[in-house]
Amino acid sequence: ELCVDIQAAKKAHAALDELRRTLGLEKAVALELVAAQSGVLRARRDDDVALWMALAPALDEALDDLCEMRVREGQALADDITARLLRMQERVDDIEAAAKLSVDDWAARLDERVKKLVAKARVEVDAERMATEVALLADRADVTEEIVRLRSHFDQTRVLLSQDMAVGRRFEFLIQEMGREVNTIGSKSQSGQISSW
């Protein structure tokens, strides 16, 4: 039995008639052309309802299984990311502690080298000027700001993991920002140990 979708037929006729007018054609849109458009005519079988009734439970079960699998997969990913964040947080704590020692160690080594050079050249160095230069260099090597930002990114990531929505793009952005901070820490640090972490 043929079933006619009247609304689809009206829409198809209106679109074709507008095209006819736009092209300046005089001949009216033929019924055959309207009927040939997708969705206007379709065969209806008496067993459509029975077929759907037979398929619906299997489809519902498959969709439920798919949703459960996605929840399990998402939870596994969230658990993995949380564990990685914890390890990264521990490493950032190590970097923060090492950075403080690194600046002091670096200033002491610089002071020792300057003293050796001054002794060879037999000149005096203004202690205040030396302290100012060391402070400037230490400030350039300070990674406190990057550590603060990293910790903020960690917190934002934890918030994203707790949300029941798609967070892929925002998560990707945070990963890029974390990478920038880590890269800056490595390049600013005067410690080989920090750079190798």
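Tutor: This is a predicted model. Start with Q37. Q37 sits in a loop, between helix α2 (31-35) and strand β2 (41-43). Is Q37 buried, exposed or in between? Its relative accessible area is 29%. Buried would need under 20%, and exposed would need over 50%. Q37 is therefore partly exposed.

Now look at what surrounds Q37. Leaving out residues up to four places away in sequence, Q37 touches A12 and L16. A polar atom of the Q37 side chain lies 2.9 Å from the backbone oxygen of L33.

Next, move along the chain to V167. Q37 and V167 are 130 residues apart in sequence. Their C-alpha atoms are separated by 41 Å.

Now for the helix pair. Helix α5 covers residues 144-162, and helix α6 covers residues 168-188. They pack with their axes 9 Å apart, at an angle of about 160°. That angle is over 145 degrees, so α5 is roughly antiparallel to α6. The crossing of α5 past α6 is left-handed.

Which residues meet in this pair? From α5 come E146, I147, R149, L150, H153, F154, Q156, T157 and L160. From α6 come R170, F171, L174, E177, M178, E181, V182, T184, I185 and K188. Sorted by class, the contact has nine nonpolar, four polar and six charged residues.

Technical notes:
Residues numbered from 1 in each chain as written. Predicted model: local features only at pLDDT ≥ 70, side-chain atom pairs only at ≥ 80, totals over all residues. Heavy atoms only, no water. Axes fitted to C-alpha atoms, helices over the stretch in contact; angles between N-to-C directions. Helix = DSSP H or I, 4+ residues; strand = E, 2+ residues; numbered from the N terminus. Parallel < 35°, antiparallel > 145°, perpendicular 65-115°, else oblique. Left-handed = near helix turned anticlockwise from the far one by under 90°. Contact = heavy atoms within 4.5 Å. Nonpolar A, V, L, I, M, F, W, Y, C, P; charged D, E, K, R; others polar. Buried < 20%, exposed > 50% of the residue type's maximum accessible area, 1.4 Å probe, protein only. Polar contact = N/O pair within 3.5 Å; in protein donor to acceptor, adjacent residues only side chain to side chain.
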